[in-house]
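Please open the structure in your viewer and keep the selection panel at hand.

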Amino acid sequence: MRQHLLTFTILFPLVGATLIALVGRRIDDRDTRILALLTTLATFGVSLLVLRDFQTGATGYQMVDRASWVRSLGLQYLVGVDGISLWLVLLTTFLFPISVLASWKIGTNVARYMVAILVLESAVLGSFVALDLLLFFLFFEAILVPMYLIIGGWGSGNRVYAAIKFFLFTMAGSAFLLVGILFLYSRSGQLGPPSFELGRLTQVAGGLPVPTARWLFLAFFVAFAVKVPLFPLHTWLPDAHTEAPTAGSVLLAGVLLKVGTYGLLRFNLSMFPQASIHFATFVSVLAVIGIIYGAVCALIQTDVKRLVAYSSVSHLGFVVLGIFAFTQQAVTGGVLQMVNHGLATGALFLLVGMVYERTHTREFAEMGGLAGVMPWLLGAFLFVVFASAGLPGLSSFVGEFLVIVGTFAVSHLFGALSAVAVVLGAIYLLWSYQRVAYGPLREEHRYLPDLSGREVAVLAPVLALLLVFGVYPSLLTRSIDPATCVTIEQVRSSQTCADVGGPVVPAAAEGRQP
Amino acid sequence: MIQTPALEFRPILPEILLCTFAIVGMLYEAFARRPDPVPHLAIATVGILAAVVSASALWHWTGSPYVMGDTVAVDKFSVVARFVLLGAALVGCLYYAHYGSRDPGSFRGEFYPLTLFATAGMTLITAANDLIVIFLALELLSLSLYVLTGITGRRRASEAAMKYLLLGAFSSAFFLYGIAMAYGAATSTKIVGVAAPGIVQALAGQTGSRALALLAMALLVVGFGFKVSAAPFHMWTPDVYQGAPTPVVAFMGAATKVAAFFALIRVFDVGLQPLTWDWTPVLYALAVVSIVVGSVLAIAQRDVKRLLAYSSIAHAGFILTGLTAANSTGIRAAMFYLVAYAAVTLGAFGIVMLVSARGEEQTSLDAYAGLARRSPGLAALMTVFLLSLAGIPPTAGFIAKVTVFSAAIGAGNWPLAVIGVVASVVAAYFYLRVIVYMYMREPAEGVESDEGAMPRIAAGVLAAGIVVLGVFPGILTGVLEPASIVRW
């Protein structure tokens, strides 16, 4: 039972999707929504069991489930979690019920929409736990179709363009990933029957000549850099985020982008450690450019959703910068930042969606003075803005702080530049809040309703976690640390996990000192 | 006294049965008062099923591997090919029965005998061990297909048939000349000779002329390239796909590719095996050109049949990619690809037939606008087929793509794999565009979909098969495992 828990998390949404696909046409839209919500809640429940059984502090993969799938190819069904993927799995299963609840108002083709959402959940969960590279690739590609349908089918304005752009960018990146995987696979036959298993391919990659390993690093890197997205491959993101329906944006920012950073951490770093060091400066430069460029672009947006989208480019740059600093603090901070960004930006998109549902505009120029009309909604907005800007005591602060500290240890320049971006982040976020909340109220917005019960149910859990993770980050870090330590050890074989041991989160981050 | 070879008819019993039932169909057509699809379909179905039974009896063949004076090979390779081809023929016949009942005025009973003859040619070509027999089978299938293309007598169909005939005759000439050169090089037209040395023995023993053998190889590449519609020998494909009646295209698109590729595998991987180092670069180049031409030119198409035609050119390139490996992994990969491709092609054209309810003109993308709203079932099936063509999991197309690229990379041809994956991204664009029309556009006025049950069921079964093969490819690879090893 215990070793199949991960399989259940992947299967539950699929079962729900099948059920809805079969009966969705015959039952009420409301029942379809409830069915989808129950499925995602059940999945979240199973993932809590995973958390319960997870042995904190242990290194290596846990709850490994293995079965031969396609014998002739050597493809295995092989899943497992470590401290990194554990939290991404939980983030995913946590955000999906919220997204289902947030899409309650979707009225066209409800069954088809929910099927897409549930299939998406399976695919995302699968890519976070897959330990066989072809299996990972399968899930990675499977993410595209439902997301494409969600953006293209239920988005706004220029949705078809945004959906196709999203699909093609990601698929173009993953094309190289496939070649890279198959290349390693073709060499894996020398060490027993050919296989796509992560451990085996890591061995194969270790034995490759340096130039070959570097090319393969790049093949993997492009796939994940598009997904993250890293400057200059980010151009699909503002379009996709802006045109997607609220839940689509939440999931895109909350979990889909993390597949990219997760891939960099899990595959690039551990499979090609030498090439990672070789390209570290190059990647860090891209990340820093992304951090600042994203922030500057966010400053000049007139569309609130686009602003949040560009802020994602900036925040994800932090994650990549942290990962490629190869210090324990920075990498742990990066993983923390993945989770926190998922929550904070997810919440931002939820709130922007709620404002849009009421005002039917995303332009700052057409908003203003809403704080007086909807105090609760705007109060929540302010809370999330603070969380996203990295106010100490709220979750993003810890991650950003660790990344900057960890990066300073490697490069003062990158550390200083990324610290500047934190200030920029505060500017654009607070300014956006100001433009929405204060100023003259438009006449037609005078009687807008405040948060409904459903909306409170959507927001409350996210806001609570933002606070909890901000005050008590070691809840996460104590299981993340051992896992990141293993990865870093693989990169710099000089350092061992025993050396690093002990609490990595410095006192300054635990407390509320800026 | 001329010694006649001992005749063993069981290995070609499927072909004999197909031709017999074709003749029965012709007689029925000649004496029937008015054309009626039902008896025709019954005759053809019985013929095909009889052929399936007799072919499956060959799976455990223990006799001599080469019979009829070494002209016909009996191996699992050809049995697999026969199953796929007969399946394609059956689906094509079902489609045409529906197509004919929709518009009784244009129904032609000759469709069934011609399809059976074409199928006999196709199944024979995959079992032929003699270049002359290959040529005979090639002509049998080609001539039947030329007529089938123009069977409606509509202007566009006739034009397509004419084009197909002229270019096809041209390529046959190349093929025939290649056979002559091969005979010159090896003094035999047998691929594998048992009684006397065949081509492979002559080339391996270096008794023949190498220059002539290379010339033969080049000419045979042209002939096969035309049949599998690999660029730059693809010129006929878009026009024929667009002009021919959709049931014919479904059958032709799926079956011709399977038959021609199986024959190509036998001729190149067995007969010209000693020249492997000479023909792999040629296939390599063909693969690159086909993939690029097919994927890029498909972007500009607004007619779904033309679009699928260009996509078939790109897919020929992908199959060639697997064959550049020139080993059993590559052959297995190509076989898997062909089975998946045949199923997808049959299914996709079935949907095209149902969507273009009024005659042949409604094959433009606009007819697909809002299809998900008009008939959600058809749109869902088409989506499965398109995703499989694009190679997205969990469809058979994904596994097929992985296996051919994996075979190519395993043989060191990774640049070809890079070109392939990049082109498949380009290709994804135009498959997605069809999905956009189906799901994200408002339905056009005055377009209606056909509600025919039989083709729907057939397409549904094919779609289910594609998904099952995508999730459990082991079902098929287990069968292909013993079949891919061509003996010599």
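How many helices and strands does the secondary structure of chain B come to? Chain B has 19 helices and two strands; helices (H or I, at least four residues) and strands (E, at least two) are DSSP runs, numbered from the N terminus. This is a predicted model, in which local features need pLDDT of at least 70, side-chain atom pairs count only at pLDDT 80 or more, and totals for chains, interfaces and linings use all residues. Residues are numbered from 1 along each chain as its sequence is written, while chains are lettered from A and ligands numbered from 1 in the order in which they are written.

**Stop 1: chain B as a whole**

Select chain B. Its C-alpha trace spans about 70 × 55 × 40 Å along the principal axes. Of its 488 residues, 64% count as buried, a residue being buried if 20 or more other C-beta atoms, placed from the backbone, lie within 10 Å of its own.

**Stop 2: a lysine in a loop**

Select B:K190, in the loop between α6 (155-186) and α7 (199-204) of chain B. B:K190 is buried, with 25 other C-beta atoms within 10 Å. Leaving aside neighbours within four places in sequence, B:K190 is in contact with B:D70, B:N129, B:D130, B:G198 and B:I199; contact requires C-beta atoms, placed from the backbone, within 7 Å.

**Stop 3: where the chains meet**

Display both chains. The contact takes 25 residues from chain A and 26 residues from chain B. On the side of chain A that touches chain B, α5 (133-142), α6 (144-154) and α7 (159-188) of chain A each supply at least two residues. Of these, α7(A) gives the most, with 13 residues.

**Stop 4: two helices of chain A**

Finally, select helix α2 (residues 29-53) and helix α4 (residues 110-129) of chain A. Their axes come within 9 Å and cross at roughly 10°; axes are lines fitted to C-alpha atoms, for helices over the stretch in contact, and angles run from 0 to 180 degrees between N-to-C directions. That makes α2(A) roughly parallel to α4(A), the term for angles under 35 degrees. Residues making the contact include A:D29, A:T32 and A:R33 of α2(A), and A:V110, A:A111 and A:M114 of α4(A).

Conventions:
Angles under 35 degrees count as roughly parallel, over 145 as roughly antiparallel, 65 to 115 as roughly perpendicular and the rest as oblique. Two residues are in contact if their C-beta atoms, placed from the backbone, lie within 7 Å. A residue is buried if 20 or more other C-beta atoms lie within 10 Å of its own, exposed if 12 or fewer, and partly exposed in between; C-beta atoms are placed from the backbone.
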